[in-house]
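Dear colleague,

Here is the structure I said I would pass on. My notes on it follow below the entry.

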Amino acid sequence: MTTVQIARDGAIRRLTLNRPDKLNAFTRDRHAELRAALEAANADAQCRVVVLTGAGRAFSAGQDLSEAAGPNAASGGAENPLETWYNPLIRLIATPEKPVIAAVNGVAAGAGANIALACDLVLAARSASFLQAFARVGLIPDAGGTYCLPRLVGAQRARGLVMLAEPLSAEKAEAWGLVWKVVDDDRLALEVSSVAGKLAAGATYALALAKRALAASASNTLNRQLDLERDLQQLASASPDAREGIAAFLDKRAPRFTGRTT
């Protein structure tokens, strides 16, 4: 069975983790399929937005603990699963030149939660929940969890989520700033399609440059960030979308962005 379903809807590429009987838990095969799908989407000029979601009642329960070489299994052997699988996946999600939306349709636990948080926007069904389950099995958060959590919710809440390993409801996750928006379960697909469609019709080259600036801001001084904004704005202002956006504003019409760099 294909563990990652790929659907194309115009400029939107939907990737669905498809192992519902195992709550979409990750195995090496799942990693390989998802990475290949993300790389293909990133290389496709016709794809302007990626949506990542899960089949069934879970987004992802994280690592499949029954897989002996998984990152949550006992250490040992030549393969380092974080270095081989999870870290490249998180980098691939966090740094592509197009927006990535996580549509969290159910439980997102362990590495599954942190994969969602690595995406640009997180939309969640009201019944969804987020769980940093690592402490329950004597491990620390991985897949970028120790990076994303304190930046999203602050140090105290991050410590509580990690140390107590208690589930966080979607509504509280929204209140804490962990997710962009929570909607009723039966409206999640419609809301995700609406947001993805808006992004796909937008100035995606400028969005990619904005992503780069926001990512750098965590470690930059103000002066370095001002210099980076200057340099990236110069790239943006020379793009076809900037010319189109200004022309459309002056003409009092909707812009027709293409996402092209030149």
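This is a predicted model. Helix H4 (residues 145–153) packs with helix H5 (residues 155–164) at an angle of about 135 degrees, and their axes are 7 Å apart. Angles over 145 degrees count as roughly antiparallel and 65 to 115 as roughly perpendicular, so H4 is oblique to H5. The crossing of the two helices, H4 and H5, is right-handed.

On the H4 side, the contact is made by Leu149, Pro150 and Val153. H5 contributes Ala155, Arg157, Ala158, Leu161 and Val162. Sorted by class, the contact of H4 with H5 has 7 nonpolar residues, 1 charged residue and no polar ones.

Next, the sheet. It is open, has 4 strands in the order S4-S6-S8-S9, and its pairing is mixed. Strand S4 (58–60) and strand S9 (168–169) are the edge strands, each pairing on one side only. The partner of S9 is strand S8 (residues 129–131); S8 and S9 pair in the antiparallel sense over 2 bridges. Within that pairing, Ser129 has Ser169 of S9 as its bridge partner.

From Ser169, Leu226 is 57 residues away in sequence and 37 Å away in space, C-alpha to C-alpha.

Regards

Definitions and conventions
Residues are numbered from 1 along each chain as its sequence is written. This is a predicted model: local features need pLDDT of at least 70, side-chain atom pairs count only at pLDDT 80 or more; totals for chains, interfaces and linings use all residues. Side-chain values use heavy atoms; hydrogens and water are left out. Axes are lines fitted to C-alpha atoms, for helices over the stretch in contact, and angles run from 0 to 180 degrees between N-to-C directions. Angles under 35 degrees count as roughly parallel, over 145 as roughly antiparallel, 65 to 115 as roughly perpendicular and the rest as oblique. A crossing is left-handed if the near helix is turned anticlockwise from the far one by less than a right angle, and right-handed if clockwise. Contact means heavy atoms within 4.5 Å. Ala, Val, Leu, Ile, Met, Phe, Trp, Tyr, Cys and Pro count as nonpolar, Asp, Glu, Lys and Arg as charged, and the others, Gly among them, as polar. Two strands pair if DSSP finds at least two bridges between them.
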